[in-house]
Amino acid sequence: MDKELLAMLVCPLCQAKLKYDREAQELHCLYDGLAYPIEEGIPVMLPESARPLDVDEKLPPSPGRTGEA
Ligand SMILES: [Zn+2]
């Protein structure tokens, strides 16, 4: 997949950069826990087409942030 295209892609929900999973041919938003499929080289950036990521695929909580204000 085109690296420049990949660099432009962001999650349609949260506008975060996506992680490209080459093996699965998916783009992962670690914040929403969604995997957007890549079909024939074309990323399908539709939340309704995305699958939920498994828990261990999601972004782990940053050790510096406990969630307390
Ligand atoms: Zn997102």
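Is Leu-46 counted as buried or exposed, and how many C-beta neighbours lie inside 10 Å? In this predicted model, Leu-46 has 10 C-beta neighbours inside 10 Å and therefore counts as exposed, since a residue falls into that class at 12 or fewer. Leu-46 is placed in the loop that runs between β4 (42–43) and β5 (51–52). Its C-alpha atom is separated by 7.5 Å from that of Pro-12, although the two residues are 34 residues apart along the chain.

For Gln-15, the phi angle is about 65 degrees. This residue belongs to the loop between α1 (3–8) and β1 (19–21). Gln-15 counts as exposed because 9 C-beta neighbours are found inside 10 Å.

For Glu-40, likewise not a glycine, phi is positive at about 55 degrees. Glu-40 is located in the loop connecting β3 (34–39) and β4. With 6 other C-beta atoms within 10 Å, Glu-40 is exposed.

Confidence was also considered for the chain and its elements. The chain has a mean pLDDT of 85, and 80% of its residues reach 70 or more. Among the elements of the chain, β3 has the highest mean pLDDT, at 96, whereas the lowest, 78, belongs to α1.

Technical notes:
Residues numbered from 1 in each chain as written. Predicted model: local features only at pLDDT ≥ 70, side-chain atom pairs only at ≥ 80, totals over all residues. Helix = DSSP H or I, 4+ residues; strand = E, 2+ residues; numbered from the N terminus. Buried ≥ 20, exposed ≤ 12 C-beta atoms within 10 Å, placed from the backbone. pLDDT = per-residue confidence, 0-100.
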